[in-house]
Amino acid sequence: MFQYITRRLLALIPLVLVISALSFGLYHLAPGDPVKSMLPRELAANPAEVARVKAIYGLDQPLPVQYVRWLGQAVKGNLGYSLNSSESVMQKLGRAVPNSLKLSIIAFVVSTALAIILGVISATRRYSVFDQLATLFSFVGIAAPSFWIATLLVYIFAVKLKVLPATSMYTPGKPPEFWDGLLHMILPVTVMAIPQIASISRFVRSSLMDVLKADYIRTAKAKGLSERVMIFKHALRNSLIPVITIIGLDIPAFVSGAVIIERIFAWPGMGRVTVDAVFSNDYPVVMGANLLFAGLTVLGSLIADVLYAVADPRVKFS
Amino acid sequence: MQTKRLAIGALAALLGTSLVLSGCSTKSSESTDKGGETAKGPTVGGEFIYTSIGDAKTLIPILTQDTASSFVTNFVYDTLFNYDEKLQPYPALAEKVDIKDDKVYTFTLKKGVKFHDGVELKADDVVFTFTAIAHPKYTGVRFSSFTGIVGWEELGKEYDKIRADLKDKKIDQAAADKAMMDAYNAFLAKGGIKKLDDYTVQFTLKEPFAPFFDSVNSYGIMPKHLLESKVDDLAHAPEATKPIGTGQMKFVSWVKDDTITLERNPDWKYGIAKAPLNINKLLIKTIPDQNSNMVALETGETDYAAITPDNFDHFKNDVKHVNLFEYMAFSYTYMGYETKNPLFSDKDVRRALTMAINRQQIVDTILKGHGKVAATHGTPVRWDFNPSIQPLPYDQAEALKILESKGWKKGADGILEKDGQKFSFKLVTNNGNKLREQAAVIIQQELKKIGIDVKVELMEWNAFLDFVDSDKKEAYILGWSLGTDPDPYEIFHSKGGFQMDHHYTNPKVDELIEKGRKTTKQEERAKIYQEIQKILADDQVYTWLYFGNTIAGVNNRFVGPKTGSPSSVGIFWNFDQWYVNNNKTQ
């Protein structure tokens, strides 16, 4: 297994290289010139001024030269400076990633736990009132856009009932406190968790229903095992394999941040950093974020593969 | 959306003057006061939580380009002169200014002004602030704002030559760096910017250039003793994120993308009230979503938000703890034309197009009445505005008559035709700007009524600007944010930087603009600009659409806000007079 993981990790290097070269190339194919975005309009219209600023940032070099330069620095851990703020790319990512992680990991734990409970009850009490309600919730949860859910919850809990804050990570002007932070987290975590609960619970339900039809479950039932042991010891573990795949592929999303949710709740995470960078043509930040997401996507699928073995002893690494 | 912020930022940078977004006027302003009448009077204390759509980018005054950054530097730094709500300058760091022959500006500084680290501000700091813009390693965009100073323009040409040599590999980087430093030192020796003594600074211009006074008062004075050694890379100096100025507030902390905290400077007395602030702390909180901004004001999490026209009634009627202040913004929205295109080359045709569009309907429906139909370049809230110019009337019959007299006849499909060509064009604006998108649709419907076929197209902001700057455009909707100085050289002079946005040239306008730059007396300048405005309106270079209003919502715990001013601080122009009403509990 150790060998397997090492091999997969090594394979990650060429993959990330290809992805970085591709995104570098694609980025420069897209319309909009980073230098023109940096300059006020009357200067952006002046070719001499654009050339001057291009030279300052090395953007007058041929694309392959620029890429190799960027890569040379990136390998050393230097992703350059943001074009339109005084921060380095590493500083920017370094402060935004933890904020996004805080939101997404808590939402993930809450939603996975609730989704498994919901899915198991639905699968074992098929077509009961509970199952029907859970199905209804799932469809609404998947179909309703998160900005709508967010607006609704903010209206009810912040504007009308005034029990929860509508924006920020902490009350502005006060030193960060645990309870204050927790209170500020409730609405964004809920909005983030609802579609996750909705979709994962459907996977758990259908996957568990398939497993419950399997021969070994019938055998277990015939042996006279209690329903609880049968479901939690034998069936659930097997039914989680497809669910793990889904969750593994969700890992990069933990870090990429939820653009809309972070925006509505003024949460200073990665979603905002990347969208701001894309709109302002801040390409060092875009490249840095792409590199991070590419690495994490590959890592996420590796983690999912390793988890298969934990869930299913039949899976062997070779 | 983000695009909108960029749009505002880019437009506000017009003419390199201070970033200006809002205006004020006693006539057009309205405030709904729901509190403060029982106030006891000012006491020191309290904190004000301001909200901004975007976070600041840098806090070095000569590097800022966006309103979020200059909002902060305005509190931390002081300029030589500042502007009141009527756009009249009053001395801030300067005691007075003597102007000789309209081209030698001698500023006498106040004595005893201290930077937040305790060091006294002197003439050297003023000289440093402006010469740093001429330094070879300066990365900001204000170089061209000061080309009127003796030796400055030549320095720019010298730099260009050295950079070209470097690019052609005639010299290496080290030689280029040395040549540029030599050129820079030679410029300093010419004495265009000169310290006469510790409290006197002199700027000498090549020839009279009235907009200079506004430019020199657009940048906060920076501490030479802290920044001189970092002038090679000001953008990444510690002071870019931890500024030290002389201003009404001292910098405390900056959590990026989240909150900037400023604290009252007890030694400051250079504002309207000539006394330190009453409010103890100012928090500048970034909330990127416009609706969330308003929600946070409504829930009491913050004390300020910009209110959109469609939320005006809700805040006015239902939100008891918020006072609204409405004032005319320092900007206008227009439909621009490619006048090289035969469709739009005739001013009578452009006049007919304007007359065919019900601009009042645009103000009433998309601005919900919170604005006014515009008639020409300029704004009613600046001293140079010509009040006698009225918008062209809305008269579709007359518009059609004009077009028919120019040879346009309705074809079988109801579209106007001339020499086999249909009157059909593409109207472009940037996506994400709801007001402009809606205005485009109204224009499309209006022109259809008289037989003109308009196709509306939305473009991403940067692509849109590139398109507007090209000859390919036909018509477009865009806006201008105006500066404190009315010089329209860049927009309407035949050699201006935005000439390609319309390709309109008029020797008379060129002559007047040049004359306006050389005239320093405000009353005389005003007459010149009024004449320019008249010509531009007669020629309908644009179809002027509307002036929008700014609506500021402020928690009614605070006593003192009046209406906005045209500086980038908007309603905060008299922040030194505000205080917390202690009778209110909120």
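Trainee: In which loop of chain A does Tyr127(A) lie?

Mentor: Tyr127(A) sits between helix H6 (89–124) and helix H7 (129–143) of chain A. Helices are DSSP runs (H or I, at least four residues), strands are too (E, at least two), and both are numbered from the N terminus. This is a predicted model: local features need pLDDT of at least 70, side-chain atom pairs count only at pLDDT 80 or more, and totals for chains, interfaces and linings use all residues. Residues are numbered from 1 along each chain as its sequence is written, chains are lettered from A and ligands numbered from 1 in the order in which they are written, and side-chain values use heavy atoms, with hydrogens and water left out.

Trainee: Is Tyr127(A) buried or exposed?

Mentor: Exposed means over 50% relative accessible area, buried under 20%, partly exposed in between (1.4 Å probe, protein chains only). Tyr127(A) has 58% relative accessibility, so it counts as exposed.

Trainee: What is the strand order in the open sheet of chain B?

Mentor: Two strands pair if DSSP finds at least two bridges between them. The four strands run S5-S6-S8-S7 in chain B, with antiparallel pairing. Strands S5 (94–100) and S7 (193–197) of chain B each have a single partner strand, so one side of each lacks a neighbour in the sheet.

Trainee: Which residue stands opposite Tyr105(B)?

Mentor: Phe203(B), in S8(B). Strands S6 (residues 104–109) and S8 (residues 200–204) of chain B pair in the antiparallel sense over five bridges.
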